[in-house]
Amino acid sequence: MSLTAVPDRVRVRAPGKINLFLEVGAEQDDGYHDVASVYQAVSLYEDLVATPADDFSVRVVDEAGRPVAGVPVDDRNLALRAARLVAREVGYLGGVHLDIRKAVPVAGGMGGGSADAAAALVACDALWGAGLTSPALQEMATRLGADVPFSLMGGSAVGTGRGDRLSPALGRARFDWVVVPDDGGLATPEVYGELDRLRAQRRPDIAPEPVAPEVDPVVLQALRSGSPDLLAGALRNDLQEAACALRPDLRDLLDRATELGALAGLVSGSGPTVAFLAADTDAARAIEHVLSASGHRARHVSGPVTGAKVMTR
């Protein structure tokens, strides 16, 4: 593949996500679980700037420009792995420096690391003039992690298998959320392990069905109709009980959903971020205000938004 001229820098923005629905199947022989999920990309973004370099490196800061604890900056970093993967695929012999400004919580169940990886794929493709097709980028995203393909796609989508077999969900109506990040992240394997432990105790409310996980069609109907009330009644996260078992304070926060004026609340993905669904923008702002006044770091976000894309400004 011939590469075109290299620009000085490329900036890419990629969104975090909320799992509106997550049904988790039984543990497989390889230790993984099949899932049926509905993702929605929301307006909490990771910003990545890629610049040419002799080697591969990454710097990660928060929105205030401070170094972010808990994010590796060596080859364990998913964005660096994505950059190296693109270089191998297109035969690029140089390197890249990635500057990441994080707004999505670390280990928060909103796919921040996956958003970084998706941003790196798009940025390196553009920086090196590789001209990779969307299917090629999606295939590379699948190799990096289950949530990375959705971070590329954005919008709302159904994910099956390990969550990486995606099909777009119809409906572009806006939904307003208030997300409450938490500094004490939860590791996804730990939450799945706790779910398996709880299921082994034969907890009937979270036991897996003996069939492949399926998305409740009411969720898709709600997305098509744009009805937050209908969506509120269909929200589901099989990992929620496990996350709350590891972090009982999350249950206390969720129990306040109605008191706060939310239609519903749920743990996002493996947590510990909690997401509250609001009736509209004004309701979301009111919830954000109440939570902020009580000491929480609440953020009003909306979805669906587009996936990882090059920013011109």
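Let me begin with strands E9 and E10, which form a hairpin with 6 residues between them, and in the turn Gly269 has a positive phi of about 55°. What we are looking at is a predicted model, in which local features need pLDDT of at least 70 and side-chain atom pairs count only at pLDDT 80 or more, while totals for chains, interfaces and linings use all residues. Residues are numbered from 1 along each chain as its sequence is written, and side-chain values use heavy atoms, with hydrogens and water left out. When I say helix or strand, I mean a DSSP run (H or I with at least four residues for helices, E with at least two for strands), numbered from the N terminus.

Put together, 4 strands form an open sheet in the order E9-E10-E7-E11, with antiparallel pairing. The edge strands are E9 and E11 (299-303), each of which pairs on one side only, and the twist averages 30° from one strand to the next.

Is strand E10 enclosed or open to the outside? Of its 5 residues, 274-278, 5 are buried, so E10 is largely enclosed by the rest of the structure; buried means under 20% relative accessible area, with exposed over 50% and partly exposed in between, using a 1.4 Å probe and protein chains only. Both faces of E10 are covered, with Val274, Phe276 and Ala278 buried on one side and Ala275 and Leu277 buried on the other.

Let me now turn to the nonpolar core, by which I mean a set of buried Ala, Val, Leu, Ile, Met, Phe, Trp, Tyr and Cys residues joined through side-chain atoms within 4.5 Å. The largest one has 43 residues, and those with the most contacts inside it are Leu48, Val96, Leu98, Leu121 and Trp128. Among the elements that each supply at least two residues of this core are strand E2 (33-53), helix H2 (112-127) and helix H3 (134-144), and H2 gives the most, with 10 residues.

Which residues does Leu121 touch, leaving aside its neighbours within four places in sequence? Leu121 is in contact (heavy atoms within 4.5 Å) with Ala82, Val86, Leu137, Met140, Ala141, Leu144, Val148 and Leu152.

Finally, the axes of H2 and H3 come within 10 Å and cross at roughly 140°, where axes are lines fitted to C-alpha atoms, for helices over the stretch in contact, and angles run from 0 to 180 degrees between N-to-C directions. The contact is made by Ala117, Leu121 and Asp125 of H2 together with Leu137, Met140, Ala141 and Leu144 of H3.

Terms used:
Pairing = 2+ DSSP bridges.
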